[in-house]
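I set down here what I looked up in this structure, entry by entry.

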Amino acid sequence: MQCLVISGAQNAPTPVLMNLPKPFPGSGEVLIRVASAGVMPTELGWISTWFQKSGEVRVNTIPAHEFSGTVEALGSDVTGVKVGDEVFGMNDWYKDGAMAQYCIAPLGDVAPKPRTLTHSEAASVPISSLTAWQALFDHGRLQPGERVLIHGASGGVGNFAVQLAKQHGAYVIATASAANLDFVTQLGADQVIDYHAQTFEEVAGLVDLVLDTVGGDTLQRSWQVLGPGGRLVTVVSSVASSSDERAKRAFFIVEPRRDQLGRIASLLDTGRLKTFVNTAVPLSEAASAYARRVKGTGRGKTVVCIGKGADV
Ligand SMILES: NC(=O)c1ccc[n+]([C@@H]2O[C@H](COP(=O)([O-])OP(=O)(O)OC[C@H]3O[C@@H](n4cnc5c(N)ncnc54)[C@H](OP(=O)(O)O)[C@@H]3O)[C@@H](O)[C@H]2O)c1
């Protein structure tokens, strides 16, 4: 099968197209014919791209852990899905990803594809929406009526977080650059802050929850806006290797959740949630997409069209 693999070194990753054998699904797994896969450029530097969980070096790692496609074959002990079903989902960071004609995923990591979305739209959903969902509700314990500050609100994770927090009945304060303030307002933000022109800690007031997708100085300055009982959740992976124990405790890595994906699919199909595709490119341009060299709307996820039915 044709696929993109990451070669080179962790500090100088080189994505290249290659032909590798089609994988076989094991027990509890499904083989998926990939229609579209989402691009996360930061993945090229992640430890899971270069090393196995055991610490052994990985070679020819196939990136992209979110996808939309069609079930091609079932492993043993798989029930409740059949060959030909359209599914979307994510798979393990330490396993080969979906920037390929075929990928493998445990059945529990995929859900029926939202009916009203194209494969490319559906492929833009799993990681960003599950990250936003788990940050707000599982880790942030957001309650209706609470005030939440979302950093990076126009980004992949942030735009889902604004929509989900608003629907949950929270008061949403969002940071974005000037060009995206209207976009974030349309998503449902009650208050928007241009982070280039304003200092958020001077205008946001106290909040119950901060969701940080930016890190660095933005994260450090965020502790001071937490009111009594306030929580901070960050998804920025550089935190994991920092010496700041408080920030490390605030960090989590998104997990595949079939039940949550199903609820997100239903919100998408009923129009209560929207996904934004920055641009869709063919597999031949996937390396450029990882290098952030493809142009798009500047909002949402870049997806790569690999198989049939991937049109945006
Ligand atoms: N831990 C996990 O499981 C997990 C899962 C998914 C993603 N992530 C990580 O989360 C981060 C965000 O991912 P993403 O896909 O949402 O990225 P993205 O789509 O590139 O969005 C990032 C956004 O940050 C905004 N931004 C940049 N500097 C800012 C600042 N100082 N204040 C406020 N906003 C700022 C930009 O908004 P403007 O264009 O408006 O300036 C941009 O839209 C990445 O580091 C990614 O690796 C982690």
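I compared the span of helix 9 with expectation: at 1.5 Å a residue its 12 residues should span 16 Å, and its end C-alpha atoms are 16 Å apart, which agrees. The expected span is 1.5 Å times one less than the number of residues. Helices (H or I, at least four residues) and strands (E, at least two) are DSSP runs, numbered from the N terminus.

I note the basis of these entries: the model is predicted, local features need pLDDT of at least 70, side-chain atom pairs count only at pLDDT 80 or more, and totals for chains, interfaces and linings use all residues. Residues are numbered from 1 along each chain as its sequence is written.

I next asked which residues of helix 9 are buried. They are L261, I264, A265 and L268; a buried residue has 20 or more other C-beta atoms within 10 Å of its own, an exposed one 12 or fewer, and a partly exposed one a count in between, with C-beta atoms placed from the backbone. They cover an arc of only 105° around the axis, so they lie on the same side of helix 9. The arc is that of the directions from the helix axis to the C-beta atoms. As background, an α-helix has 3.6 residues a turn, so residues three or four places apart point the same way.

I recorded the packing partners of these buried residues as strand 5 (86-90), strand 7 (110-112) and helix 3. Contact means that two C-beta atoms, placed from the backbone, lie within 7 Å.

I then looked at D269, which lies in helix 9 (residues 258-269). D269 is partly exposed because 15 other C-beta atoms lie within 10 Å. Neighbours within four places in sequence aside, D269 is in contact with P114, R115 and T116. After helix 9 comes G271, with a positive phi near 80°.

I looked up the domains last. The assignment, from an automatic or database source, gives domain 1 (2-125 + 275-305) and domain 2 (128-250). Their C-alpha centres lie 27 Å apart. Seven residues from domain 1 and seven residues from domain 2 make the contact.
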